[in-house]
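Biologist: I have a chain open on my screen and would like to go through it with you. Can you put it up and start with the terms?

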Amino acid sequence: MKVAFITQGKNVSSARFRTQQYFPLLTARGIRCAHFPRIPKARSSKKTGAIGRALGTAVAIPTRTAAIVQAPMFDVVVLQRELLRFLSPWPEQLLAKVSAKLIFDFDDAIWLRYRGADRQNPIAHIISSSDSVCAGNKYLAEYAEQYNPNVFIVPTPIDTQHITPRTADTVDDKFRIGWTGASSTLKYLSELKPVFRKLRRLGDNIILSIICDQKPTEDLGLPIEYVPWNPTNEVDALRRFDVGVMPIPNDEWSRGKCSFKLLQYMAAAVPSICSPVGMNIDVIGTKGSRGILAESPADWETGLAEYYGNVHFRRRVGDNGRAHVDKFYSINVQAESLENILTQTVHERSL
């Protein structure tokens with residue numbers, strides 16, 4: 001089987017984790033993988049708004065056109081998100097016509113970026129034009145199922161051989177409340193500022209360890225240990241966390257998130273606390289054995305205080321989280337699922 005993966009860019013997170021890390025495992029299973037990343041990357045223009053999107057689309061047209069031209073050479077094409085967002089859904093519909101088989105893959109509630117969420121939405125058109133759809137979680141799958149009967153839930157997988165469990169309860173005398181993410185989402189962390197301020201009464205060794213592409217400029221209520229993100233230091237920095245946090249608002253966009261940072265914490269056996277929104281609820285569960293769901297500021301304060309004061313509880317929750325990720329979200333488990341989806345999609349088309 002020959003499979004073409006068309007992505008948003010070689011170094012874009014969704015491409016790295018939802019496609020590229022599958023390649024060695026799929027190749028070992030006899031599947032030939034070709035990668036067609038968007039070049040230049042999606043955010044190549046410094047301009048914003050409609051002008052920025054138009055310019056970004058224009059510079060990407062050559063590589064996107066090349067991907068469409070070569071698509072008939074493959075048994076199946078996996079398109080990750082839109083092909084050319086500013087022109088959607090027409091380029092994607094053309095890709096569907098020339099491809100032997102088209103699978104649309106998405107891991108965010110991207111239909112919300114367009115006006116209307118009905119059948120006139122470009123994402124709805126792309127989904128209905130595809131042979132199959134891979135959605136990152138249940139919420140996204142429910143949207144896709146309105147327009148396509150062949151929808152599969154494919155979580156963003158974790159390489160549990162790369163992200164290994166922390167080996168000690170503490171690395172020094174600091175208690176690290178950890179967070180990792182893009183600078184655009186630091187606003188969610190700032191919502192916990194009142195909670196962090198109250199936690200200072202528990203001890204002067206509590207700090208915020210933040211892995212990000214930009215250093216926070218806002219006072220977040222606790223001393224900050226800033227770790228500039230890069231793929232070589234991320235795992236080591238994660239394993240230094242004593243607890244990982246994932247606060248997000250309860251809105252449509254957040255319900256479409258695929259809990260990737262939460263899965264990263266758990267893979268490193270870092271006990272976590274997160275907002276009970278969307279996929280977070282499924283990952284953590286409601287019994288508290290794999291982590292803590294915190295809806296109110298009081299819940300956050302109580303949960304963080306419990307982690308701070310009970311090292312045995314932290315260790316138990318961290319171990320349970322790691323085992324859960326290994327069983328359901330590891331790259332080995334998800335690679336088998338993806339292989340089945342590719343095979344089923346090609347087989348059904350050939351009947």
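Modeller: Contact means heavy atoms within 4.5 Å. This is a predicted model, where local features need pLDDT of at least 70, side-chain atom pairs count only at pLDDT 80 or more, and totals for chains, interfaces and linings use all residues. Residues are numbered from 1 along each chain as its sequence is written, and side-chain values use heavy atoms, with hydrogens and water left out.

Biologist: OK. What does Arg 322 touch?

Modeller: Not counting residues up to four places away in sequence, Arg 322 touches Thr 160, Ile 163, Thr 164, Pro 165, Met 266, Ala 267 and Ala 269.

Biologist: And where does Arg 322 lie?

Modeller: Arg 322 lies in helix 14, which covers residues 311–328. Helices (H or I, at least four residues) and strands (E, at least two) are DSSP runs, numbered from the N terminus.

Biologist: Is Arg 322 buried or exposed?

Modeller: Arg 322 is buried, because its relative accessible area is 13%. Buried means under 20% relative accessible area, exposed over 50%, and partly exposed in between (1.4 Å probe, protein chains only).

Biologist: What about Arg 290, buried or exposed?

Modeller: Arg 290 counts as buried, at 19% relative accessibility. Its place is in the loop between helix 12 (279–284) and strand 12 (292–293).

Biologist: Which residues is Arg 290 in contact with?

Modeller: Leaving aside neighbours within four places in sequence, the contacts of Arg 290 are Met 266, Asp 282, Val 283, Ile 284, Gly 285, Val 317, Asn 320 and His 324. Met 266 is also on the list for Arg 322.

Biologist: Met 266 belongs to helix 11. How many residues of helix 11 are buried?

Modeller: Eight of the eight residues of helix 11 (residues 260–267) are buried, so helix 11 is largely enclosed by the rest of the structure. Among them are Phe 260, Lys 261, Tyr 265 and Met 266.

Biologist: What comes just after helix 11?

Modeller: Ala 269, with a positive phi of about 60°. Most residues other than glycine have a negative phi, and most peptide bonds are trans. Ala 269 lies in the loop between helix 11 and strand 11 (272–274), and it counts as buried at 8% relative accessibility. The C-alpha atoms of Ala 269 and Arg 290 are separated by 9.9 Å, and the two residues are 21 apart along the chain.

Biologist: And what is phi at Ser 259?

Modeller: Phi of Ser 259 is near 55°, a positive value in a residue other than glycine. Ser 259 is found in the loop between helix 10 (252–255) and helix 11, and at 1% relative accessibility it counts as buried.

Biologist: Which residues does a cis peptide bond join?

Modeller: Ser 88 and Pro 89, with omega about 10°. Pro 89 lies in the loop between strand 3 (76–80) and helix 4 (90–98).

Biologist: Back to helix 14. At what angle do helix 13 and helix 14 pack?

Modeller: Two packed helices are described by the angle between their axes and the distance between the axes. Helix 13 (residues 297–309) and helix 14 pack at an angle of about 105°, with their axes 5 Å apart. Axes are lines fitted to C-alpha atoms, for helices over the stretch in contact, and angles run from 0 to 180 degrees between N-to-C directions.

Biologist: Why call helix 13 and helix 14 roughly perpendicular?

Modeller: Angles under 35 degrees count as roughly parallel, over 145 as roughly antiparallel, 65 to 115 as roughly perpendicular and the rest as oblique. Helix 13 and helix 14 are therefore roughly perpendicular to each other. In this contact, helix 13 supplies Glu 306, Tyr 307, Tyr 308 and Gly 309, while helix 14 supplies Val 311, Phe 313, Arg 314 and Val 317.

Biologist: Now the whole chain. How many helices and strands does the chain have?

Modeller: The chain has 15 helices and 12 strands. Its radius of gyration is 21 Å, close to the 20 Å that the globule rule gives for 351 residues, so the chain is as compact as a globular protein of that length. The radius of gyration is taken over C-alpha atoms, and the globule rule is 2.2 Å times the number of residues to the power 0.38.

Biologist: What share of the residues is buried?

Modeller: Buried residues make up 52% of the 351 residues in the chain.
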